[in-house]
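Student: I am new to this structure and would like to go through it step by step.
Tutor: Please look at it first; the discussion follows.

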Amino acid sequence: MESSSNHGGIKLLLAAEHEAQQIVNAARTAKMARLKQAKEEAETEVAEHKASTEHGFQRKLEETSGDSGANVKRLEQETDAKIEQLKNEASRISRDVVDMLLKHVTTVKN
């Protein structure tokens, strides 16, 4: 009788071990599937970020180099306007500067 109960206990242990192995295998399979999914999601995210960054870079590049002729022309106009402003300012105060210099040069201090 002990033999058959031992034999039944061994069968029960083997069945439990088999069931545990199936649970572990299912968990391992689920983990691998989730890791694969996470990797694919990360690769997609990286690709989207790279595309977005590249698009922003290309847009900036077009904004700055696409109209470089217009930038040069604008800078030339700003420079000419500043030169004209400085000439006007110089001509406005040049007489006062000459008078001040003459006063200091001709004044003798004892």
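Tutor: Helices (H or I, at least four residues) and strands (E, at least two) are DSSP runs, numbered from the N terminus. This is a predicted model, in which local features need pLDDT of at least 70, side-chain atom pairs count only at pLDDT 80 or more, and totals for chains, interfaces and linings use all residues. Residues are numbered from 1 along each chain as its sequence is written, and side-chain values use heavy atoms, with hydrogens and water left out.

Student: How many helices does the protein chain have?
Tutor: The protein chain has zero strands. Its count of helices is two.

Student: What is the radius of gyration of the protein chain?
Tutor: The radius of gyration is taken over C-alpha atoms, and the globule rule is 2.2 Å times the number of residues to the power 0.38. For 110 residues this rule gives 13 Å, and the chain is well over that, so it is more spread out than a compact globule. The C-alpha atoms fill a box of roughly 140 × 45 × 10 Å along the principal axes. The radius of gyration is 44 Å.

Student: What percentage of the residues of the protein chain count as buried?
Tutor: Buried means under 20% relative accessible area, exposed over 50%, and partly exposed in between (1.4 Å probe, protein chains only). Of the 110 residues, the buried share is 1%.

Student: How far apart are the N and O atoms in the salt bridge of E78 and R74?
Tutor: A salt bridge is a side-chain nitrogen of Lys or Arg within 4 Å of a carboxyl oxygen of Asp or Glu. E78 and R74 are four residues apart in helix α2, and therefore separated by about one helical turn. E78 is partly exposed at 43% relative accessible area, and R74 is partly exposed at 40%. The N to O distance is 2.9 Å.

Student: Which residue forms a salt bridge with R34?
Tutor: R34 is partly exposed, at 44% relative accessibility. The closest N and O atoms of this salt bridge are 3.9 Å apart. The partner, partly exposed at 39% relative accessibility, is E41.
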